Amino acid sequence: MKKRTIVPIVYILFLMLPIYWLVAMSFKTTNEILSGFSLFPQTFTLDNYKTIFTDPSWYWGYINSIAYVSINTVISIAVALPAAYAFSRYRFLGDKQLFFWLLTNRMAPAAVFALPFFQLYSAVELFDTYLAVALAHCLFNIPLSVWILEGFMGGIPKELDETAYVDGYSFPRFFATIFIPSIKAGVGVAAFFCFMFSWVELLLAKTLTAVAAKPIAATMTKTASSAGYELGLLAAAGTLTIIPGAIVIYFVRNYIAKGFAMGRV
Amino acid sequence: MALELRNVTKRVGAIQHIKETSLILEPGHFNVLLGATGSGKTSLIKLMAGLDPMASGSIHMDGQDITRLNTQKRNISLVHQFFVNYPHMTVFDNIASPLKVAGMAASEIQGRVEEAADILQLRPMLNRRPHEMSGGQQQRCALARAIAKESKAVFLDEPLANLDYKLREELRDQLPELFSGRGAVVVYATSEPEEALLLGGKTALMNDGHVTQFGPTAEIYRDPANVQAAQVFSDPPINTALIVKKGTTAQMGVDVAWDLSGDAANLQDGEYTIAVRPHHVLPVATHGCTVRLQGRVQVTELSGSESSAHFDQGHRSSWVSLSSGVHPYEVGEMHDFYMDPTACYFFAADGSRVA
């Protein structure tokens, strides 16, 4: 084998190693994991997965996470589309500053916002709802989406807008039937990043929920502390957490390359 | 039926993009807007299309004031220099889109799209998407959309500028035929004098945000009203020089002089600017070309059927000679050129034509 094929293979092996380890652990019993080193599960078991799919405190974690992540993605894209259009097509006082200011929202750690959000949502009785987490994540996802979408929209010439108006399209109709389809790659990339961020974010999601909207990541951390070390169960939960992300990545893989090429991702 | 601009102006901030302009554009022939890049052709088209706000003035279509009418309601078509089509739609849907928006019946849309596609030879490509076609086909698709719509006014903003030479010639020959008999006001912006002459119709010369002259194309070419008009409508650029008129003689510099005749002879004595087209300055003394000039050949160009030479006349600006056939020049040599004195335009100090 040539050197140029060995290097990427080794690289990918190293990348995949922790994921393999996680998947392998999820098929082991906790005793086996704790008893020593084994490359493959010695006593192959599906009990860990069975627990997750039968115990409501586990599978509701997934349902809750998927619910607020979906709500967040929809809100973020719906708000970011018109905002990005304005930034891309109009010049107004302070537009560049505002655009940059949006991005600076991503520079503050989530912990900064945890307390104010908690206090505010408790006061307006949003605490422990899907909407609470979805809205909190908008703080980070809307600026990111605006940034990504603005890049894609900048690649569409203004003449397209003009041609559509001349052809008789009203603005809403043009936006929905011509403009959005023209930047569907950008919408896909932005939605993907909203999904991923919201899916992996733990601090705000944990702070703003108690029981009814508790995310899967929070469920995992609690299990680790209360019932001793249920490592097999945690590994199974971790494996299941990776799957939605992998599915979404599969669908937007080509678009993301485009986004990288534009320097907006 | 006509498109009429009355004292239209446009400004962005303190800059006046279009100075007070009045035009009456009629259907049945091409209305060419001819001017250099940045002279305001596109700005004027955008005003007529209602895409940009006007600072003052009004626009009328068939005697009806459409100044405040939205672009969408003006019943117009626009073809850009860049090939603008809806990227996610097939060619068929692209051509049909204005008709669909207008709520036309599917069967009628089918007929109109097919008719337009036949005229522009797009029939085999109706199911393709714009990015699967060549630039020429993409622009034909944009033209087909304009034709199928059968709007009252069609604006073509340098539609051929981004096409390669062969395609440009082909499409340019088709254009007048495409729009003839459709009753639409056709406005065609271009920076190439040759295109204006080939398309015929009427031409509005644009310079620095206003129309300097408007009339039948051939007439404007023959009778430029001022220096700018003569300059805009000449390719290669028109030759200009200062002369002193005294009695019936014109003196150019110290070395060149000739006898004036016709209108020029009756001018008051004094300084004038003359302009003479490159094809009236020839390397051999023939026909009317009698006034001898001497210059050092700087640049020569051969275009197959024509030869051009830029020659330096020392203290005067360099001139261009354009002659038919292949003429052997050597760069750097002194060469005699002969100007036709009857082909000179005379302009007063303010740029207006006097003879």
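In chain A, what percentage of the contacts with a separation of 6 or more is accounted for by residues 24 or more positions apart?

Modeller: The percentage is 80% for chain A, where two residues are in contact if their C-beta atoms, placed from the backbone, lie within 7 Å. This is a predicted model, in which local features need pLDDT of at least 70 and side-chain atom pairs count only at pLDDT 80 or more, while totals for chains, interfaces and linings use all residues. Residues are numbered from 1 along each chain as its sequence is written, and chains are lettered from A and ligands numbered from 1 in the order in which they are written.

The C-alpha trace of chain A extends over about 70 × 65 × 30 Å along its principal axes. Of the 265 residues in chain A, 34% are buried. A residue counts as buried if 20 or more other C-beta atoms lie within 10 Å of its own, as exposed if 12 or fewer do, and as partly exposed in between, with C-beta atoms placed from the backbone.

A:Thr104 belongs to helix H5 of chain A, which covers residues 95–104. A:Thr104 is exposed because 9 other C-beta atoms lie within 10 Å. Between A:Thr104 and A:Tyr11 there are 93 residues of sequence separation and a C-alpha to C-alpha distance of 34 Å.

Terms used. Helix = DSSP H or I, 4+ residues; strand = E, 2+ residues; numbered from the N terminus.
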